[in-house]
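Please walk me through this structure, starting with how its strands pair and going on to its helices, its charged pairs and its surface.

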Amino acid sequence: MNDHPVGLSIVVPVYRGASTIGRLVEAVSQLKPAGGIEIILVNDGSPDESGDVCRRLAETATVPLTYIEHARNFGEHNAVMTGLRHARGAYVINMDDDLQNPPEELIRLYDHARLGGWDVVYTRYAKKEHEGWRNLGSRFANKVADSLLDKPKGLYLSSFRCMSAMVVREVTKYSGPYPYIDGLIMQVTQRIASIEVAHYARADGVSNYTMRRLVRLWLNLATNFSVLPLRLAIFAGVAMGMLGFLVAIIVIIEAIFFETPSGWASSMMLMLLIAGVQFTILGVMGEYVGRAFLSANGKPQGVVREVIEPREKVRGE
């Protein structure tokens with residue numbers, strides 16, 4: 001820890017968080033973790049007054065606070081990646097700006113990673129205070145991750161996590177436009193633990209997560225860290241070929257031993273089934289090719305418009 005200016009860095013992606021980010025910073029600033037603390041706020045193109053609020057916090061913060069502003073909205077994981085690149089701590093915790101993760105749990109999470117020698121510590125919740133559809137989406141994403149990622153079975157992939165500086169250094173080497181932090185973590189280490197923490201109802205407003213954002217997250221998970229979707233497409237093609245061969249045999253037998261095959265409805269059903277599978281396979285392949293094209297074409301992971309470094313007098317306090 002001596003190689004790092006502070007013991008703990010807190011990275012917070014901010015989006016529509018004008019009403020809550022001040023309370024979060026105030027609560028975090030009162031914590032006294034071993035080695036000291038710093039806060040990194042990343043305004044991910046928020047359309048509300050989050051930028052103005054964060055700038056005021058950068059002027060009045062009682063702990064080192066770095067403010068970073070994205071030129072537009074790039075997504076939560078992209079914003080976290082930008083924050084990680086500015087973190088100086090021996091350990092880094094990222095958390096949301098909505099106060100659903102209690103700031104007092106930060107010390108427990110930090111100490112569990114630091115004293116236990118863990119590279120990454122995830123959090124899990126006895127009860128999640130999210131909308132039902134989002135809880136269902138999270139469970140689905142975790143089930144998909146069990147199949148696609150080399151992660152411990154049953155590990156809940158929470159966005160409230162603590163990482164060592166080594167993991168942060170390796171994760172931030174990824175420069176592509178579609179980061180999925182949990183997938184990057186699994187490529188770096190298996191020294192991973194989890195602890196149970198409290199989860200509160202949202203302090204203000206509504207969740208920024210929409211079904212569209214969740215689908216984009218699933219696509220990042222599925223196409224960036226696994227070729228399983230392509231393999232499933234192969235299996236689907238083989239299955240359709242076998243089905244077509246079976247139907248052809250049935251039709252031949254019916255034509256020879258019975259009467260002329262009839263039934264345009266069954267033929268159309270089979271044609272539509274095969275066409276649906278073909279288009280699904282093409283869509284999966286197109287998603288991979290499109291992402292490769294955009295990555296090769298230099299689509300940015302994030303564009304930083306402004307950085308406000310911690311005030312000197314705070315650094316010296």
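Two strands are said to pair if DSSP finds at least two bridges between them, and helices (H or I, at least four residues) and strands (E, at least two) are DSSP runs, numbered from the N terminus. This is a predicted model, in which local features need pLDDT of at least 70 and side-chain atom pairs count only at pLDDT 80 or more, while totals for chains, interfaces and linings use all residues. Residues are numbered from 1 along each chain as its sequence is written, and side-chain values use heavy atoms, with hydrogens and water left out.

Strand β5 (residues 120-125) is joined by three bridges to strand β6 (residues 161-164), and the two run antiparallel; six bridges join β5 to strand β7 (residues 192-197), and here the strands run parallel. Five of the six residues of β5 are buried, where buried means under 20% relative accessible area, exposed over 50%, and partly exposed in between (1.4 Å probe, protein chains only).

In helix α1 (residues 21-29), the buried residues are Ile21, Leu24, Val25, Val28 and Ser29. They lie on the same side of α1 because they cover an arc of only 125 degrees around the axis, the arc being that of the directions from the helix axis to the C-beta atoms. These buried residues pack against β1 (6-14), β2 (37-43), α2 (50-60), β3 (65-70) and α4 (105-116), with contact meaning heavy atoms within 4.5 Å.

Side chains of opposite charge can pair when their charged atoms come close. Eleven salt bridges are found in a search of the whole structure, each being a side-chain nitrogen of Lys or Arg within 4 Å of a carboxyl oxygen of Asp or Glu. In one of them, Glu69 meets Arg55 with the closest N and O atoms 2.6 Å apart, which links Glu69 in strand β3 to Arg55 in helix α2, 14 residues apart. Glu69 is buried, with a relative accessible area of 10%, whereas Arg55 counts as partly exposed at 24%. Another salt bridge joins Arg114 and Asp111 (2.7 Å, N to O), and both residues lie in helix α4, three residues apart, about one turn of the helix.

On the surface, Phe245, Ile249, Ile252, Ile253, Ile256, Phe257 and Phe258 form a nonpolar patch. Phe257 belongs to helix α9 (residues 228-257) and is exposed, with a relative accessible area of 62%.

Definitions and conventions: Patch = residues over 30% accessible without salt bridge, like charges linked within 9 Å, V, L, I, M, F, W, Y side chains within 5 Å. Areas by Shrake-Rupley, 256 points an atom, 1.4 Å probe, with all protein chains shown as cover.
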